[in-house]
Amino acid sequence: MKKNEFNIVDFVKIYSEDKLALFFLINLIFILILVIFGPLFTLQNPYDLSQLNILDSLLPPLSQSYENNYFFLGTDDQGRDLLSAIIYGLRISLYVGILSVVISLIIGIILGVVSAYFGGIVDSFIMRVADMVLAMPSFLIALVLLSILGRGLENVVFALVMSQWATFARVIRSSALSEKEKDYFYSAKCLCLPQYRIVFGHLLPNCLPPIIVLSTINLAFAITLEASLSFLGVGLPITEPSIGLIISNGYEYIIVGKYWMSLYPGLFLLITVISINIFSDRLRILLNPRLNI
Amino acid sequence: MLFINYKNLSMLIFLTNRIIQSFIVLLIMSLLVFAAVYAIGNPIDVLINPEASEEEKIKTIKNLGLDKSLFEQYYIFLQNAFKGELGYSFVHNRPAISLILERLPATLELTISALLIAIIIGIPLGTIAGLNPDNFISKSILAMSIFFFSLPTFWVGLILIMIFAVSYNFFPSTGRGDTVEIFGFYFSFLTFDGLKHLALPSINLALYPLALVIRLTFAGIQETLPLDFIKFARAKGLSRFRIISYHLLKYILIPIVTVIGLQFSVLIAFAVITESIFAWPGMGRLIIESITLLDRPVIVAYLLVTVFIFMLVNLIVDILYSLLDPRIRISDK
């Protein structure tokens, strides 16, 4: 029986049945390429002051620069090409988002599996703490932590992890609990396999579908959360200009009609988040064993 | 003869349990927040004029109680908290709790109108999509809900200002407008000018819960339609309208009420963003100002007030849940 083996070609085929989802997946891949290789083809390094010209400041989209380059999305108040700034900003936003999700995932897996595997006091203690964290809106947890710790990349990642780990721990615990009742788990135990093999070789791989879906949803959420916090001025410092900071920078110019400095970075953020959300929504449908595809 | 109404008794036990639990959580939260806020950051540098004389400095520190140890400060804080006093704002030189309560009605007005928008628009749209999931309108509604999910609140706020306040000047972009006093609190939803001011912020805040309500209603209807009691209602010859508006919606209302209740807390938190963008004078704007000014008593008081509101909301949701669904006996929990 080779039925259960994962086949990437088949998966892409089934995935592509939803054309909208396929479009956004391609979009997502495009964004990732743009972000990873971005510095190779941007007009300038937007944070190298020697490459900026103050005469180019506040130019609307599609205007020409002092040196006859085109600024497709206009420039900001320091004469910075907005497109380059957006690509550099997305790098930081995605980096913070992915890092925080990976760390929360690791914490969630450890706590969730420990909870499900050992049960008893350990389980109820971990879950009470998780319940307490979940009772608070994650935005508020992050806001409070950052108001105490101050701005900074590590602080933002820490705040995002603190507001997300509980969701992971809860989901992983509940799926590990249901897997624990299944026959393969008992047979693995009866074979007297070492515990790490039972956990890493048998339990975790079977908990993967919900973990994957949750990670993608939370990635979109973490990116939005970081952008909101940076916009409010409690997130990343000015030395790490993420998308949220770029939008916040353009905020004061909206009233005077210079809309592009906030509009375009926000659009890029929106497209990134939508692509991740639709991707995860499609994954959720495909990986749900209760639905037959 | 002693008759005990077991149902009421179990309800009472449940309530006391929950209230004790909430109280313990509140205590733990206050300790955590207090310790964290007070351990880091030195308000003396912020609050006292650097050119003040040494004598003045010591006097101010003493007045604010900053010379005592952390535990002493927490002890005094707890003692006062039981009396309903949550410390004095360093910046405004007024009790922190009165500062917050003064701004609470504005925040509640904003969050409640956002929730109402989400419910009034979301449930019909979700129902339309759930009844005929395959037609074009339903697909657009669902696509729209994913779109709303992904919209960053703060950016939508800017775009709303850009379109409706700057380009077309339909709605004002800042403040609350004219307010009407009710029981000593000021509300702006009773005047036309106030409603105009309320429109943009509440739409901004409503997008996320709107998407959630649409999805929940959709999923609920999808799960309920094949159930026996709907088939039975249909077999009885009830009209389609009555089946949908009475039997179906009553059944799916249970998860929706729960989630909306929990969303209320989330909206109070997210109101921080909306309030800062639209200069809405609620407690969210106060906390951002306090964070930048390092006004610790206000930060602590804000958190305790919001945690208290969350606990209250969760309790109300639990009670509503048991009232709506007679199958759930509270004592079983």
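Predicted model: local features only at pLDDT ≥ 70, side-chain atom pairs only at ≥ 80, totals over all residues.
Local features were taken at pLDDT of at least 70 and side-chain atom pairs only at pLDDT 80 or more, whereas totals for chains, interfaces and linings use all residues. Residues are numbered from 1 along each chain as its sequence is written, and chains are lettered from A and ligands numbered from 1 in the order in which they are written.

Chain A comprises 10 helices and two strands. Here helices (H or I, at least four residues) and strands (E, at least two) are DSSP runs, numbered from the N terminus. The order along chain A is α-α-β-β-α-α-α-α-α-α-α-α. Its C-alpha atoms occupy a box of roughly 75 × 45 × 30 Å along the principal axes. Of the 293 residues of chain A, 43% are buried. A residue is buried with 20 or more other C-beta atoms within 10 Å of its own, exposed with 12 or fewer, and partly exposed in between; C-beta atoms are placed from the backbone. Contacts require C-beta atoms, placed from the backbone, within 7 Å. In chain A, 67% of the contacts with a separation of 6 or more join residues 24 or more positions apart.

Chain B comprises 12 helices and two strands. The pattern along its sequence is α-α-α-α-α-α-α-β-β-α-α-α-α-α. Of its 333 residues, 35% count as buried. Among contacts in chain B between residues at least 6 apart in sequence, 71% link residues at least 24 apart.

Within chain A, helices α3 (residues 82-118) and α4 (residues 120-135) pack at about 140 degrees, with axes 7 Å apart. Axes are lines fitted to C-alpha atoms, for helices over the stretch in contact, and angles run from 0 to 180 degrees between N-to-C directions. α3(A) and α4(A) are therefore oblique to each other. Angles under 35 degrees count as roughly parallel, over 145 as roughly antiparallel, 65 to 115 as roughly perpendicular and the rest as oblique. The crossing of α3(A) and α4(A) is left-handed, that is, the near helix is turned anticlockwise from the far one by less than a right angle. From α3(A), the contact involves L111(A), V114(A), S115(A) and F118(A); from α4(A), it involves G120(A), V122(A), D123(A), I126(A) and M127(A). Six of the residues in this contact are nonpolar, two polar and one charged. Ala, Val, Leu, Ile, Met, Phe, Trp, Tyr, Cys and Pro count as nonpolar, Asp, Glu, Lys and Arg as charged, and the others, Gly among them, as polar.

At the interface, 33 residues of chain A contact 32 residues of chain B. On the chain A side, the elements giving two or more residues are α4, α5 (138-149), α8 (195-232), α9 (243-254) and α10 (260-287). α10(A) gives the most, with nine residues. The chain A side divides into 25 nonpolar, seven polar and one charged.

A142(A) lies in helix α5 of chain A. A142(A) counts as buried because 28 C-beta neighbours lie inside 10 Å. Leaving out residues up to four places away in sequence, A142(A) touches A159(A), L160(A), S163(A), L225(A) and L229(A). A142(A) and V199(A) are 57 residues apart in sequence, with 32 Å between their C-alpha atoms. D48(A) sits in the loop between α2 (19-41) and β1 (63-64) of chain A. D48(A) is exposed, with 9 other C-beta atoms within 10 Å. D48(A) and S163(A) are 115 residues apart along the chain, and their C-alpha atoms are separated by 34 Å.

Definitions and conventions. Contact = placed C-beta atoms within 7 Å.
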